[in-house]
Amino acid sequence: MSGPECCENPPKLSSGNSGGEAGHVQQLGGFSCYVSGSVHSTLALLLVSDVFGYEAPKLRKLADKVAAAGFYVVVPDFLRGDPHIANDVRPLELWIKDHGPDQGFEDAKPVIEALKSKGVTKIGAVGFCWGAKVVVELAKYAYIQAAVLLHPSFVAVDDMHAVKVPISILGAEIDKRSPPELVKQFEMALNAKPEVDAFVKIFPGVAHGWSVRYKDEDEVAVKSAEEAHQDMLGWFEKHLK
């Protein structure tokens, strides 16, 4: 499937703290990570970015919001300083060859181990677009205790059959990557696994990427993004606390 939709409405990236961020960048598990929240929290959340990477301001703003609820939040640079920029000479199909979600899955393991070594006892993971495939892979092997996927890309129905931890999928009505019909198939596959708690929701009137790439002046998109953030947080409050 072609990838323009993944790359619409790119964020203005900021290297380092652009002001207003509560967290900071540090090394964790061999990766640069934006971290926010109390280092003494035993509950951690991994936020795995879309193709625009861990410097996206709205992603970091969301990390700060979730950290304020009592989680230690980590946003790793699994793209290794090479996010997909909308005007990049490389089309997404070429860029993805260097940044497969399978590599993101492998990269997540040392970050998770580093969190455990700090005394973290429960870890949840959130994946946005590209990151959703990384997170669903983690959910198959119970590296994490709960998962949320927002406007997922590269995720298939077969992935749902293998999930072992509570999972929530928040989709967009206008989404070629994971259209509502596909999200409904995810839901059916999960419903066939009563041992795994699952929650699936499609947000009307919003497009792929809306939860972290909304325009501030678009009141409907902002409201929907905030609703998705609350649903996400509620899922982790339920399954990690």
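Start by selecting S224: at 10% relative accessibility, this residue counts as buried (buried means under 20% relative accessible area, exposed over 50% and partly exposed in between, with a 1.4 Å probe and protein chains only). You are looking at a predicted model, where local features need pLDDT of at least 70, side-chain atom pairs count only at pLDDT 80 or more, and totals for chains, interfaces and linings use all residues. Residues are numbered from 1 along each chain as its sequence is written, and side-chain values use heavy atoms, with hydrogens and water left out.

**Stop 1: around S224**

S224 is found in helix α8. Helices (H or I, at least four residues) and strands (E, at least two) are DSSP runs, numbered from the N terminus. Which residues touch S224? Leaving aside neighbours within four places in sequence, S224 is in contact with F203, P204, V206 and W210; contact means heavy atoms within 4.5 Å. Now select S211 as well: its C-alpha atom is separated from that of S224 by 7.4 Å, and the two residues are 13 apart along the chain.

**Stop 2: the sheet**

Next, show the strands. There are 8 of them in an open sheet with mixed pairing, in the order β1-β2-β4-β3-β5-β6-β7-β8. Two strands pair if DSSP finds at least two bridges between them. Because β1 (24-28) and β8 (198-207) stand at the edges with a single partner strand each, one side of each is left without a neighbour in the sheet. From one strand to the next, the twist averages 25°.

Zoom in on β3 (residues 43-48) and β5 (residues 122-128), which pair in the parallel sense over 6 bridges.

**Stop 3**

Axes are lines fitted to C-alpha atoms, for helices over the stretch in contact, and angles run from 0 to 180 degrees between N-to-C directions.

Then move to α1 (residues 57-67), lying across β1, β2 (31-36), β3, β4 (72-76) and β5 and running at about 50° to β2.

**Stop 4: two helices together**

Finally, select α3 (residues 101-117) and α4 (residues 130-140), whose axes come within 8 Å and cross at roughly 60°. The contact is made by P101, G104, F105, A108 and I112 of α3 with W130, K133, V134, E137 and L138 of α4.
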